[in-house]
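Here are a few exercises to work through with the model on your screen. Try each task yourself before you read its solution.

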Amino acid sequence: MSQLHRYAGAWMRQVALLLALAAGSFIPALAQSGATGIAGTVRDEQGRVIAGATVTLADADRGVTRTQSTDNNGAYSFNNLTTGRYNLAIEASGFKKKIVENIQGLVDKTTDVSVALEVGGADEVVTVSANSLEAVINTQNASLGNNFVEQQIKQLPLEGRNVAALLSLQPGVTADGYVAGGRSDQANVT
């Protein structure tokens, strides 16, 4: 009888372990997703929203495109994108086509690319660089921080090419790794 209990106990432990692993696989991870987003509002020169404008997002590195129309508030949103460079083309009846180039899709950050269309023919094209649209102040939420693009990392002098040393360039971070007054062992750098 004791050998039967031993086998039953081992079998029950294995079943419990499998159930725990299965249950753990359904719990979503609370870490960074690694994805990016691009969203904004399309307006005319007077600031009125343009509903029904066609917005086409093209991945500059991979050649993949996605298209959608703006809603009644003139808003569009592309979510769950791979980080990288994107180009945006906006078209609406009675307005010049506008192309915004070199939009940087950064990790866990939705980039706001709101544009104003000029009155004109659809055959006329206005091309701008996304660098001229970047906001200096974060108006979306209360987070502090900067995202670095590949070119900045390559051009910065980093001792031993330690990318984690870029943390000290963030607001509220000391060279010793103290973040907003917290000790260096209380921060998680990913």
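**Exercise 1. Work out what share of contacts in the protein between residues at least 6 apart in sequence join residues at least 24 apart.**

Step 1: Start with the term: a contact means heavy atoms within 4.5 Å.
Step 2: Take the contacts between residues at least 6 apart in sequence; 56% of them join residues at least 24 apart.
Step 3: Keep in mind that this is a predicted model, where local features need pLDDT of at least 70, side-chain atom pairs count only at pLDDT 80 or more, and totals for chains, interfaces and linings use all residues. Residues are numbered from 1 along each chain as its sequence is written, and side-chain values use heavy atoms, with hydrogens and water left out.

**Exercise 2. Find out how confident the predictor is, and where the pLDDT is below 50.**

Step 1: pLDDT is the predictor's confidence in each residue, from 0 to 100.
Step 2: The protein's average is 78, and 69% of the residues score at least 70.
Step 3: Now look at residues 26-32, where the pLDDT is below 50. Beyond near neighbours in sequence, this stretch has 3 contacts in the model.

**Exercise 3. Look up the phi values of N80 and N102.**

Step 1: N80 isn't a glycine, yet its phi is positive, about 55 degrees. N80 sits in strand 4 and is exposed, at 69% relative accessible area.
Step 2: N102, also not a glycine, has a positive phi near 60 degrees. You'll find N102 in strand 6, partly exposed at 31%.

**Exercise 4. Follow the salt bridges, including the network that links K96, E118 and E124.**

Step 1: A salt bridge is a side-chain nitrogen of Lys or Arg within 4 Å of a carboxyl oxygen of Asp or Glu. The structure holds 5.
Step 2: One of them pairs R85 with D61, with the closest N and O atoms 3.1 Å apart. R85 is in strand 5 and D61 in the loop between strand 2 and strand 3 (65-69), 24 residues apart.
Step 3: K96 pairs with E118, the closest N and O atoms being 3.3 Å apart. K96 lies in the loop between strand 5 and strand 6, and E118 in the loop between strand 8 and strand 9 (125-129).
Step 4: K96 counts as buried at 18% relative accessibility, whereas E118 is partly exposed at 28%.
Step 5: E124 also bridges to K96, at 3.8 Å between the closest N and O atoms. E124 is in the loop between strand 8 and strand 9 and K96 in the loop between strand 5 and strand 6, so this pair ties together parts 28 residues apart in sequence.

Methods. Helices (H or I, at least four residues) and strands (E, at least two) are DSSP runs, numbered from the N terminus. Buried means under 20% relative accessible area, exposed over 50%, partly exposed in between (1.4 Å probe, protein chains only).
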